Amino acid sequence: MSINQPATIMIFAAIISLLLSVYAWLKRQNSTGVFLSLLLLSTTIWSLFYSLEIFSSDLETMKVFLFVSNFGISSLPVFWLLFAARYSGNGLWLNPFVVVMLFIIPILSIVMVATNKFHQLFYKTIELGNVDAYHYLKLIPGPLWLTNIAYSHILIITGAILLIRYCLKVDKSQRVHIKFFLFSALIPYAVNLLYLLNFRPYGFLDLTPVAFIFMGVIILLGVYKVKLFDINPLAIDLYFRNTSDAIFIRN
């Protein structure tokens, strides 16, 4: 497998993520759909600009693509948590102040990447590496990179816990929706963990964006199989549990 092949796959993943993002936006009924759309848009940015980085061989150009891809990398965990919280019925605490606070570290990370040459706190070094005929960015992480990674994983795990807890509360007929999101989110998360543990093709390649194509495919299957974007199972479940009125369902 040549390095252009995963880059092409990541472009394809970006296209799928973008289409799903637009679809989620068009089908939105509340902030849950908005957060899902923004989550998929973040995956699009990451996948697209990482693929452009792989296609490039000029160090300065690759740094620009690295910077832009960080908009998706840093914002994705926040949108995942916001989506999971809203979908699981824990959205009451999502006031503007909390949302702004959640974005402080991602915004700081983006700023630190943009100004890294002045302080080397996010990346200690950014160099052009070569493996055979392949070019890549040889990155030595700094303390702020480690902080950003830890923060991202905390948000992802917290979102997964919220969905798992919710899955145990709702009616069995609603659990399939939640399991789709959990399973689709675990794929890129697991691939990213392997990358952090130095399981990297060619010794440098981050396949996490490639994993998002599988996330997109699973969500796409969910759209047609279980109406995955009909997002409001909590409200329906709570209404049926608490109302004593007669309910008429019209097809």
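Which backbone oxygen does the side chain of serine 75 reach? Let me keep that question open for a moment while I say what we are looking at.

This is a predicted model, in which local features need pLDDT of at least 70 and side-chain atom pairs count only at pLDDT 80 or more, while totals for chains, interfaces and linings use all residues. Residues are numbered from 1 along each chain as its sequence is written, and side-chain values use heavy atoms, with hydrogens and water left out.

The protein has 10 helices and two strands, where helices (H or I, at least four residues) and strands (E, at least two) are DSSP runs numbered from the N terminus. Along the sequence the pattern reads α-α-α-α-α-α-β-β-α-α-α-α. Of its 251 residues, 45% count as buried, and buried here means under 20% relative accessible area, with exposed being over 50% and partly exposed in between, for a 1.4 Å probe and protein chains only. If we take contacts, meaning heavy atoms within 4.5 Å, between residues at least 6 apart in sequence, then 68% of them join residues at least 24 apart.

Now back to serine 75, which sits in helix α3, residues 59–87. Its side chain reaches the backbone oxygen of phenylalanine 71 at 2.6 Å. Serine 75 is buried, with a relative accessible area of 11%, and, leaving aside residues up to four places away in sequence, serine 75 touches Ser42 and Phe103.

Next, a pair of helices. Two packed helices are described by the angle between their axes and the distance between the axes. The axes of α5 (residues 104–114) and α7 (residues 143–169) come within 10 Å and cross at roughly 150°; such axes are lines fitted to C-alpha atoms, for helices over the stretch in contact, with angles from 0 to 180 degrees between N-to-C directions. That makes α5 roughly antiparallel to α7, a term used for angles over 145 degrees. From α5, the contact is made by Ile105, Pro106, Ser109 and Met112, and from α7 by Leu144, Asn148 and Tyr151. These residues divide into five nonpolar, two polar and no charged, where Ala, Val, Leu, Ile, Met, Phe, Trp, Tyr, Cys and Pro count as nonpolar, Asp, Glu, Lys and Arg as charged, and the others, Gly among them, as polar.

Finally, leucine 194 lies in helix α8, residues 172–196, and is partly exposed, with a relative accessible area of 43%. Its C-alpha atom and that of leucine 207, 13 residues apart along the chain, are separated by 9.2 Å.

How values were computed:
Parallel < 35°, antiparallel > 145°, perpendicular 65-115°, else oblique. Polar contact = N/O pair within 3.5 Å; in protein donor to acceptor, adjacent residues only side chain to side chain.
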